[in-house]
Amino acid sequence: MLTIKNLHAGIEEKDILKGINLQVNPGEIHAIMGPNGSGKSTLSSVIAGKEEYEVTDGDIIFEGGSINELAPEERAHNGIFLSFQYPVEIPGVTVTNFIKTAINETRKARGLEDMPANEMLKLIREKSELLEIDRKFLSRSLNEGFSGGEKKRNEIFQMAMLEPKLAILDETDSGLDIDALRIVSNGVNKLRSKDNAVVVITHYQRLLEYIVPDFVHVLLDGKIVKSGGKELALELEEKGYDWLKQELSV
Ligand SMILES: Nc1ncnc2c1ncn2[C@@H]1O[C@H](COP(=O)(O)OP(=O)(O)OP(=O)(O)O)[C@@H](O)[C@H]1O
């Protein structure tokens with residue numbers, strides 16, 4: 001589904017990603033961990049196509065084709081979802097109306113008509129029930145006065161509605177409390193299928209007790225220096241990152 005080959009990227013004169021290789025297959029959950037400033041958020045932004053970052057070498061292949069040249073919207077239309085992609089407050093536009101527009105934009109890009117209103121309602125009902133989202137929440141203005149947990153709920157709702165093939169959840173600085181942790185992890189677990197994949201970027205081994213990853217990767221100074229199973233997250237929790245730095249320098 002996603003193959004990243006020798007990816008180098010940065011901003012202005014600064015190299016941030018220095019040769020990332022990663023393979024994500026359908027049905028898998030990957031966790032990316034690493035110390036502050038190692039490049040985790042940059043990696044998610046580069047996969048999603050944020051234009052402030054420049055790819056200087058390597059390739060990102062999604063569903064068989066290179067997406068290096070695609071704009072963020074095109075990547076989204078192809079089925080890549082990045083959390084925090086729409087953090088804007090839009091007074092007067094409800095959570096529901098925003099997602100309806102996003103869905104119809106995606107359909108338009110794929111040459112489809114708008115989703116019929118009854119089908120849309122059915123989908124909204126189905127997904128909000130699945131995620132235990134209350135009706136009142138759906139009619140609130142997007143992100144206006146949302147608490148951290150409500151922002152998470154909105155993101156997971158957007159993800160559920162858009163049904164991306166690849167979801168990238170950047171949880172590094174989202175200040176997840178117990179409720180938000182539960183919202184994110186329940187959402188991911190309920191939406192998980194053999195056809196979609198999730199990359200979760202986190203500092204919290206605790207999140208990975210709820211969303212159990214198939215693979216854990218450690219990013220250090222712009223490179224994936226170690227990959228393993230879920231036990232790697234426990235090892236990192238216990239030992240920190242210094243042992244890895246030492247191991248790598250010998
Ligand atoms: N837009 C930007 N402008 C300037 N420097 C940037 C920008 N984005 C990232 N960087 C720099 O690139 C490096 C990696 O940042 P990034 O946010 O990807 O790290 P991170 O691993 O996600 O960190 P954290 O765990 O603290 O969230 C840092 O040194 C950061 O200052």
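What share of the contacts in the protein chain with a separation of 6 or more comes from residues 24 or more positions apart? In this predicted model, such residues account for 72% of those contacts.

**Overall form**

The protein chain has 10 helices and 12 strands. Its radius of gyration is 18 Å, close to the 18 Å that the globule rule gives for 250 residues, so the chain is as compact as a globular protein of that length. Along the principal axes, its C-alpha atoms fill a box of roughly 60 × 40 × 35 Å.

**Interior**

Of the 250 residues in the protein chain, 35% are buried. The largest nonpolar core has 57 residues, and the members that touch the most others are Ile80, Ile168, Val184, Val198 and Val200. Apart from its neighbours within four places in sequence, Val184 is in contact with Lys152, Ile156, Leu169, Glu171 and Leu176.

**Two packed helices**

Two packed helices are described by the angle between their axes and the distance between the axes. For helices α3 and α6, the angle is about 35° and the axes are 10 Å apart. The crossing of α3 past α6 is right-handed. The table gives the residues that each helix brings to the contact.

| Helix | Residue range | Residues in the contact |
|---|---|---|
| α3 | residues 95–109 | Val95, Ile99, Ala102, Ile103, Thr106 |
| α6 | residues 148–162 | Asn154, Phe157, Gln158, Met161, Leu162 |

By type, the residues of the contact of α3 with α6 comprise 7 nonpolar, 3 polar and no charged.

Key: Residues are numbered from 1 along each chain as its sequence is written. This is a predicted model: local features need pLDDT of at least 70, side-chain atom pairs count only at pLDDT 80 or more; totals for chains, interfaces and linings use all residues. Axes are lines fitted to C-alpha atoms, for helices over the stretch in contact, and angles run from 0 to 180 degrees between N-to-C directions. Helices (H or I, at least four residues) and strands (E, at least two) are DSSP runs, numbered from the N terminus. A crossing is left-handed if the near helix is turned anticlockwise from the far one by less than a right angle, and right-handed if clockwise. Two residues are in contact if their C-beta atoms, placed from the backbone, lie within 7 Å. Ala, Val, Leu, Ile, Met, Phe, Trp, Tyr, Cys and Pro count as nonpolar, Asp, Glu, Lys and Arg as charged, and the others, Gly among them, as polar. The radius of gyration is taken over C-alpha atoms; the globule rule is 2.2 Å times the number of residues to the power 0.38. A residue is buried if 20 or more other C-beta atoms lie within 10 Å of its own, exposed if 12 or fewer, and partly exposed in between; C-beta atoms are placed from the backbone. A nonpolar core is a set of buried Ala, Val, Leu, Ile, Met, Phe, Trp, Tyr and Cys residues joined through C-beta atoms within 7 Å.
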